[in-house]
Amino acid sequence: MLYYRPQAHLNLMDYGILVPLKDERASLSLKKLACEHNFQKALRIGFLKPDDLKQVFEASFIDRLWGKELEQEIIKTFELINANGEFHRYDPLLKKKDFSQLRDSILLQCEGTLESCQLALKNQSFVYHFGGGLHHGHYDHGSGFCLLNDLVLAVVLLKKQGLLKSAWVLDIDAHKGDGTAAMLRDKKWVKTLSIHMKEGWPLDSDRLDEFGKLKPCFVPSDLDIEIQKGEEIHYLPRLQEGLEKMQQQYGLPDLCLIVGGEDPWQGDGLPGSALLQLTSEQMLQRDLMVYDFFKKNAVPQVWTLGGGYGELSWTMYYQFLAELRDSQREKI
Ligand SMILES: [Zn+2]
């Protein structure tokens with residue numbers, strides 16, 4: 001099932017934020033699949049309120065997002081001011097919409113991930129959500145273009161509602177799911193696997209503070225797989241090994257949420273993800289490997305977009321979905 005909520009349209013350029021993260025990732029993929037009018041729409045809109053978020057995130061952080069500190073929180077999350085106090089990849093003159101609309105769109109994406117999980121659990125099936133995957137979002141702050149962590153929000157609320165007993169969050173984006181790992185570290189019923197670039201962002205390794213004291217920043221996922229630059233050949237075997245290890249160690253979950261970022265692709269437009277350079281074929285094999293693993297084991301799976309930058313990133317989402325259709329794995 002393809003799930004899309006056009007109301008959650010997110011085009012950062014509309015806010016003067018010069019990051020090529022485009023909502024066309026969804027619309028172009030749907031068009032090429034000839035599914036522009038044939039996808040699961042949102043069942044409910046606007047049902048998540050700040051009080052619901054406070055069940056998962058720090059209350060004062062949520063208050064800031066709905067208060068006059070919103071602009072500061074967005075600036076921090078998208079790193080719009082550099083160390084010299086100058087605007088960085090941000091031009092307020094190009095801003096066409098208010099930041100409150102950006103926050104609301106992100107909230108709608110969170111709803112989308114939650115609803116996708118509910119649908120996947122209800123139908124014991126595959127749901128592809130054209131949104132979400134905001135894996136750098138933390139308990140008390142946004143980070144790395146991710147204001148609110150939709151993955152953690154969804155699994156924790158579903159657990160509280162008694163709709164699942166166990167879950168995995170599988171992160172195949174180029175960047176480590178650091179926010180997810182940190183927020184879920186004490187929750188034994190949910191397990192995290194992240195396969196990502198060994199070097200580069202997020203800069204969460206332990207480091208010295210201004211007093212020369214070691215500041216612990218690194219929070220491991222339950223399983224982290226780090227791929228060194230130039231070692232892409234090992235990516236697929238190590239991912240397969242990781243999935244099997246998770247199954248052996250923790251058993252299969254009631255639901256798996258996947259951050260299907262397309263930024264490990266060599267054609268991706270974000271310079272910061274250039275340390276991982278998977279070919280189009282490797283990307284397809286990656287996605288099918290994950291899909292087949294959960295399908296074979298009858299685990300409901302929800303995919304989210306995660307990172308994917310530049311004009312062509314949508315082609316990677318498309319090729320996976322087209323293959324699911326053409327190989328008759330899914331009716332799309
Ligand atoms: Zn990424």
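## Two residues with positive phi

R89 sits in the loop between α4 and β3, the strand formed by residues 90–95. This is a predicted model, and in it the phi of R89 is positive, about 40°, although R89 is not a glycine. Most residues other than glycine have a negative phi. R89 has 14 other C-beta atoms within 10 Å and is partly exposed, because a residue counts as exposed at 12 or fewer such atoms and as buried at 20 or more.

A second case is Q124, found in the loop between α5 and β4, the strand of residues 126–129. Q124 also has a positive phi, near 50°, and is a residue other than glycine. With 11 other C-beta atoms within 10 Å, Q124 is exposed.

## The protein as a whole

The protein contains 10 helices and 11 strands. Its radius of gyration is 19 Å, close to the 20 Å that the globule rule gives for 332 residues, so the protein is as compact as a globular protein of that length. The C-alpha trace spans about 50 × 45 × 40 Å along the principal axes.

Of the 332 residues, 42% count as buried.

## Helices α4 and α5

Helix α4 covers residues 70–77 and helix α5 covers residues 99–123; their axes come within 10 Å and cross at roughly 65°. The two helices are therefore roughly perpendicular to each other, since angles of 65 to 115 degrees count as such. The crossing of α4 and α5 is left-handed.

Which residues in α4 and α5 meet? On the α4 side they are L70, E71 and I74, and on the α5 side they are F99, S100, L102 and R103. Sorted by class, this contact of α4 with α5 has 4 nonpolar, 1 polar and 2 charged residues.

## T77 in helix α4

T77 lies in helix α4. Is T77 buried or exposed? T77 has 24 C-beta neighbours inside 10 Å and counts as buried, because the cut-off for a buried residue is 20 or more.

Leaving aside neighbours within four places in sequence, T77 is in contact with G142, S143, F145, C146 and L147. T77 and H136 are 59 residues apart along the chain, and their C-alpha atoms are separated by 9.2 Å.

## Helices α9 and α10

Another pair of helices is α9, residues 280–296, and α10, residues 314–326. The axes of α9 and α10 come within 10 Å and cross at roughly 50°. That angle makes α9 oblique to α10. The crossing of α9 and α10 is right-handed.

From α9, the contact is made by S280, M283, L284, D287, L288 and Y291. From α10, the residues are M316, Q319, F320, E323 and L324. By class, the contact of α9 with α10 has 7 nonpolar, 2 polar and 2 charged residues.

Definitions and conventions:
Residues numbered from 1 in each chain as written. Predicted model: local features only at pLDDT ≥ 70, side-chain atom pairs only at ≥ 80, totals over all residues. Axes fitted to C-alpha atoms, helices over the stretch in contact; angles between N-to-C directions. Helix = DSSP H or I, 4+ residues; strand = E, 2+ residues; numbered from the N terminus. Parallel < 35°, antiparallel > 145°, perpendicular 65-115°, else oblique. Left-handed = near helix turned anticlockwise from the far one by under 90°. Contact = placed C-beta atoms within 7 Å. Nonpolar A, V, L, I, M, F, W, Y, C, P; charged D, E, K, R; others polar. Rg over C-alpha atoms; globule rule 2.2 N^0.38 Å.
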